[in-house]
Amino acid sequence: MESIELIDEPMPGPSTSNYQNEEQPIKKHCNLPWIEKYRPQTFQEIMGNEDTITRLSIFSKQGNVPNIIIAGPPGVGKTTTILCLAKILLGPAFKEAVLELNASNDRGIDIVRNKVKMFAQQKVTLPPGRHKIIILDEVDSMTDGAQQALRRTMEKYSNTTRFALACNYSEKVIEAIQSRCAILRYSRLSDAQIMARILHICEKENVNYTQDGLEAIVFTAQGDMRQALNNLQSTHNGFGEVNSENVFKVCDEPHPMLIKDMLQHCIEGDIRKAYKVVELLWNLGYAAEDIIKNIFKVCKNMDMEEGLKLEFIKEIGLTHQRVVDGLCSLMQMSGLLARMCKVAKGGNLI
């Protein structure tokens, strides 16, 4: 009689598949960029612009929210604020009752006639006093024709749909839309607010950092939280340690200490030493606009006599205008240094 050998193999069952299904979202969450992983989910988590967020929280409690335009520079939380508002208002119906479009891509009149209008016509079961929400990001990039079509749609479906528009420049939105919306303005975040946020994330992600590294992140961000988190994650992943040298390698900006030395030479009236710094930056391959922007960033935070600082900023601004117009040579930079040295020495510019 032959013996039959039994092989003990684990049969695939529900427990194995459940384990895989549980592990997949965790892995997916770990691979997210930090700007998405740490995107605020409630009003309390949003940094800065407290007065505006307080107004929106009152809107969310009352339920009957007007059409809104949130205007402000990039990376200060405009879209995040709108998403938080929609989640509070709609709760479980968020997915069915919210349409989110980036108007910089979907900017033509056909998008308004098709996607926006069709969504506004759809019937969705919502709690009493709630409305569907259409979120249009970068609405200032839409064509005039598309904005005119949007104005008509906002009027026609006002009983069932609310529009939340985000833009960098509210003046690029036609007046007919502006008059139908509550306009909320966001300002850049302060250095302290960005520092607090990146310190929190450094603790969560076990980031190895130095104090000057975090200060460099804040300097390069210039009030833009999205830029700060991207620079932090890029430096951490690329070098392992977040210090000032590594941050400026990642961001590829002229080092502010070199710019500070150059400005100090201008204050002393020593154009030769100041020129050596600019020539070094130029030979390293930095464009005139990169250099002039960092000169302004460093100058406005530099400890110097206030009247002199204003004169320096005036000359930097005029040179920046010429650079934008196409006069971006090393001679233009040299002229700026000469004028700043003359101002510092008490000379009058003609």
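Start at Thr 81: its side chain reaches the backbone oxygen of Gly 77 at 2.6 Å. Keep in mind that this is a predicted model.

Now colour helix H4, residues 78-90; Thr 81 sits in this helix. Is Thr 81 buried or exposed? Its relative accessibility is 0%, so Thr 81 counts as buried; the cut-off for buried is under 20%. Show what surrounds this residue. Beyond the neighbours within four places in sequence, Thr 81 is in contact with Phe 43, Ile 46, Leu 56, Ile 70 and Tyr 186.

Next, select Thr 319. Helix H16, residues 306-324, holds this threonine. Which backbone oxygen does the side chain of Thr 319 reach? That of Glu 315, at 2.9 Å. Thr 319 counts as buried because its relative accessibility is 0%.

Thr 319 and Gln 332 are 13 residues apart along the chain, and their C-alpha atoms are separated by 7.3 Å.

Move on to the cores. In soluble globular proteins, nonpolar side chains tend to be buried together. The largest nonpolar core here has 78 residues. Select Ile 198 and Leu 263, the residues with the most contacts inside this core. Then centre on Leu 263. Leaving out residues up to four places away in sequence, Leu 263 touches Ile 295, Val 298, Cys 299, Met 302, Phe 312 and Met 340.

Last stop: a second, separate core of 24 residues. To find this core, select Ile 69, Val 139, Phe 163 and Cys 181, which are among its members.

Terms used
Residues numbered from 1 in each chain as written. Predicted model: local features only at pLDDT ≥ 70, side-chain atom pairs only at ≥ 80, totals over all residues. Heavy atoms only, no water. Helix = DSSP H or I, 4+ residues; strand = E, 2+ residues; numbered from the N terminus. Buried < 20%, exposed > 50% of the residue type's maximum accessible area, 1.4 Å probe, protein only. Polar contact = N/O pair within 3.5 Å; in protein donor to acceptor, adjacent residues only side chain to side chain. Contact = heavy atoms within 4.5 Å. Core = buried A, V, L, I, M, F, W, Y, C linked by side-chain atoms within 4.5 Å.
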